[in-house]
Amino acid sequence: MGSYIIKRLISAIPVLLGITIIVFLIMAMIPGDPATAILGSYATPENVARLNRDLGLDAPLVKRYFIWLGNMLTGDFGRSYSLNRPVLDEITERFSATLILAGVSFVLCSILGILAGVVSAARQYGWADKLITLTVLVGISVPSFFLGMMMILLFAVNLRWLPVSGMYAIYGGGDLPDLLRHLIMPSLALSVVATGVIARLARSAMLEVLRQDFIRTARAKGVPERRVIMGHALRAAMVSIIPVLGIQAGFVLSGSVYIEIVFQWPGIGRMLVDAILTRDILLVQGGVVFVAACYVIFNIIVDVAQGMLDPRIKT
Amino acid sequence: MTGFLKLLFRNRLAAMGAVILGAILLLVILTPILPLQNPDVTATADRFQRPLSPGHLLGTDHLGRDLLARLLYGTRLSLIVGVAAALIAGIIGSAIGITAGYFGGRLDNIVMRGVDMLMAFPYILLALAIVAALGPGLMNALIAVAAVNIPFFARNIRGITVGLAGREFIDAAKLSGMGHTRIILTELLPNVLPVIIIAMSTTVGWMILETAGLSFLGLGSQPPQADLGSMLGEARSSLITSPYVSLVPGVMIFLIVMSINLLGDGVRDALDPRLRSGALSRPLATTLVSGARRPVPPARDGLLQIADLRTQFHVGSRIYKAVDGVSLSVRPGECLGIIGESGSGKSVTALSLMGLVASPPGIITGGSVWFDGRDMIGAPYEDLRRIRGDRVAYIFQDPLSTLHPLYRIGDQLAEAIQAHHKIGKAEANERALQLLRDVRIPNPESRVRNYPHEMSGGMRQRVGIAMALVNDPAVIIADEPTTALDVTVQAQILMLLEDLRRERGLAIVFITHDFGVVGQLCDRVAVMYAGRIVEEGPTAEVLARPSHPYTKRLIACVPELGQGRREMAAIAGLPPVVSDLPPGCAFAPRCDKASDSCRKGDIALSGSGGRAVRCLFPEEALT
Ligand code: SF4
């Protein structure tokens, strides 16, 4: 197992490098003089020159890439112009807020999705199956940002159950219950689509597995049906569910952009949108590379989990 | 094609999707000629008019613009942008995929590496990076959304192209001197095109949603031009005071995406042949029993008695009579063989006993199975479960697929015990270990920790037998337990079963297609054909003087008892399909002695003293 983890980690290095190259190339597409584009037409010449030097824009493309990469590896993501602070500081601060939101949503959609899929499969064509199928259908069709707005309207404005937005109450908040209260709506809104996708997949994976011979064996042994479904069948179905969880984690992570805007959650998605609107290129660059790298590492964890779950995979 | 459309529209949800999407498309096409107000003309005096106010059917927004007009123009814009993004992504992605798949080698390698890296990004993040570089704007949002979807198409289409590139017609085209471009355009593309179109139509919903999302963030369409996303984004500031301004574009996005999803699901289902055959339904915990079934009292004595059992498969409008009135019985310590070709109903008979026939499509329509004085057919699930694996245990054919692939075999054995006895894990493990010893598995201490795929076929079948023995059952039903094994292992397993039967006084029902095996193990044998018993009797007598022409031929197929591979193919002709049996003898089409009278009415199973045959002109007359 240990060697498998190391192997996966090593195989991630080219992917991580590829990510930096792609981001770098995209940023190199900025038309015209990037420094002026970034700073706007009112920029002073000193500022333009300073930015050119900071970005290393006087050097050739390849050299610029390696300078940028080298800087990042030493933890220097540059300085944000709009915020006037180191990019990395801003990113880590914002990313932790996103991680809370996306993490809770991911746990929610995994549990709810798998549960719904299992119930749906076990009660195929029954009323529970029909109800779940219909709910899932609606769920995966609602844009999360619209859903978020409607939730605010219903639960925060009309019913006054939950706070409208933000991560903590402005006055007197800051503790865990406060955070949780602020988390309920955004995490639900963020997890709805992923829950639907996972539920669908879990249902078909369960149906596939339930037709297998070893399920008949379990029943022939006299294993109670509950255990047949929640044990034998689900265990086998997880093998095809887990990779989809990995993919959905990516959707939840990137979907948090919308939710952070709607609920004014101080996460990295909102930071990126603000940075794009203020043309704070270094902040965008750093943020994108950082989040993508985290996602790659998360996928390694998923792979390792898969390896632990399925003894047939040579580890 | 018409069949496909029929299937699509039989699906009510898909039809609903088509209707909604059609209506939206129609509205959008008609938008320019409808008597609408200018969507961009502001009238501050008319801000936030409620829906149904005079002149503004859906009300007005924060600048007093007519919401209906804005909705229709916005929908138009969103649809155009989404479709354009799908087209661009589809065309570029497919071009990359086809090129990489067709040429293969280094090029393929490099391109696919790049695709993998692009796919390593969380989706929207990449689009954000592109918009960041190009600057906000609807055109740039379109480019970004198309770009992030290119890898998806490239990967899918490449996979299909690789499959096609190795086929003969491509080789033939190459040999005939066609250039690469011509081969791609005239030979490959027509084959790949349907896949591209399906992929585009299933992703277009996503792309509409994504461009709307970017506009919602303020990175897409810029004022005064508005697609649905930016309408929603602008409405956010007045969400609390005038929610309908948000509701109007939001519901529209929802309707578009949902109708596309519905349609897409419908297309997928209509294309998937498994759905039609009903093969995608999962089997219930016990076989369904028809309400019309009447219990039949046992005709003979015995531990396990099957009385006029009838099991059918209902697939669509077809009815397969897999088991059609079978009566049998086993006494304690006796071994009964049921022999027949595949499709004869022997396995279905075995599975029906404890309600293990997959249902749907299986259904027991008649007869009884008496065990311990109780009719097991139609017994409540919990009663059946208590007997399964405890009093009546099964051994199945291929233990690689019948053992759980992800559980250690020790755990699978222990579980079988714990399903019926309240004992601790340690005790169950100890007992599992002892059973592995009983079935003569070497090194049982280390074997308990094995997964099924780590064992040989013979070892796995020993585990299968051990699992059947765990609770000291009264009856073991063995469904072709040696078929997947080679001859020496088969002999060992048969010997083991024989020993166990003698030591423990087990009754065994042994299902096989092999008379050699029957000869070694079984006291009595029943020959099945097309769901019915055609001959029955003590093994020695049946072997020595087969009475039914079919039995005679089955025996003739055995080269020498207990040795060599035996093939059923030696009997000319195929076993009949049990959905439309001809009247009279089911064997008639393959029988040398068949005459017109054989094809008339039902032929009864006749005989006495446990010896019976179902034939008008038996090879040996039974007294
Ligand atoms: S009944 Fe007639 S057709 Fe059938 S097996 Fe006997 S002889 Fe052959």
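What follows is a short chat about chain A and chain B.

Q: First off, what kind of model is this?
A: This is a predicted model.

Q: OK, start with chain A. How many helices and strands are in chain A?
A: Chain A has twelve helices and two strands.

Q: What box do the C-alpha atoms of chain A fill?
A: Roughly 80 × 55 × 35 Å, taken along the principal axes.

Q: And how much of chain A is buried?
A: Buried residues account for 53% of the 315 residues.

Q: What about contacts in chain A between residues at least 6 apart in sequence: what share join residues at least 24 apart?
A: That share is 71%.

Q: Let's zoom in. Where does A:R94 sit?
A: A:R94 is in helix α5 of chain A, which covers residues 87–122.

Q: Is A:R94 buried or exposed?
A: Buried. Its relative accessible area is 15%, and the cut-off for buried is under 20%, so A:R94 qualifies.

Q: What does A:R94 touch, leaving out residues up to four places away in sequence?
A: A:R94 touches A:P266, A:G267, A:I268, A:R270 and A:M271.

Q: New topic: helix packing. At what angle do α9(A) and α10(A) pack?
A: About 155 degrees, with the axes 10 Å apart. Helix α9 of chain A spans residues 213–221, and helix α10 of chain A spans residues 225–262.

Q: Left-handed or right-handed crossing?
A: The crossing of α9(A) and α10(A) is right-handed.

Q: Which residues meet there?
A: From α9(A), A:F214, A:I215, A:A218, A:R219 and A:K221. From α10(A), A:E225, A:V228, A:H232, A:A233 and A:A236. By type, the contact has six nonpolar residues, one polar and three charged.

Q: Over to chain B. Which domains does the assignment give?
A: Domain 1 is 2–25 + 68–275, and domain 2 is 282–391 + 473–573. Their centres, taken over C-alpha atoms, are 54 Å apart.

Q: How many residues of α9(B) are buried?
A: Six of eight, in a helix running over residues 228–235. They are B:L228, B:G229, B:S230, B:M231, B:L232 and B:A235.

Q: What do those buried residues of α9(B) pack against?
A: Helix α7 (144–158) of chain A, plus α3 (67–103), α8 (180–216) and α10 (243–271) of chain B.

Definitions and conventions
Residues are numbered from 1 along each chain as its sequence is written. Chains are lettered from A and ligands numbered from 1 in the order in which they are written. This is a predicted model: local features need pLDDT of at least 70, side-chain atom pairs count only at pLDDT 80 or more; totals for chains, interfaces and linings use all residues. Side-chain values use heavy atoms; hydrogens and water are left out. Axes are lines fitted to C-alpha atoms, for helices over the stretch in contact, and angles run from 0 to 180 degrees between N-to-C directions. Helices (H or I, at least four residues) and strands (E, at least two) are DSSP runs, numbered from the N terminus. A crossing is left-handed if the near helix is turned anticlockwise from the far one by less than a right angle, and right-handed if clockwise. Contact means heavy atoms within 4.5 Å. Ala, Val, Leu, Ile, Met, Phe, Trp, Tyr, Cys and Pro count as nonpolar, Asp, Glu, Lys and Arg as charged, and the others, Gly among them, as polar. Domain bounds come from an automatic or database domain assignment. Buried means under 20% relative accessible area, exposed over 50%, partly exposed in between (1.4 Å probe, protein chains only).
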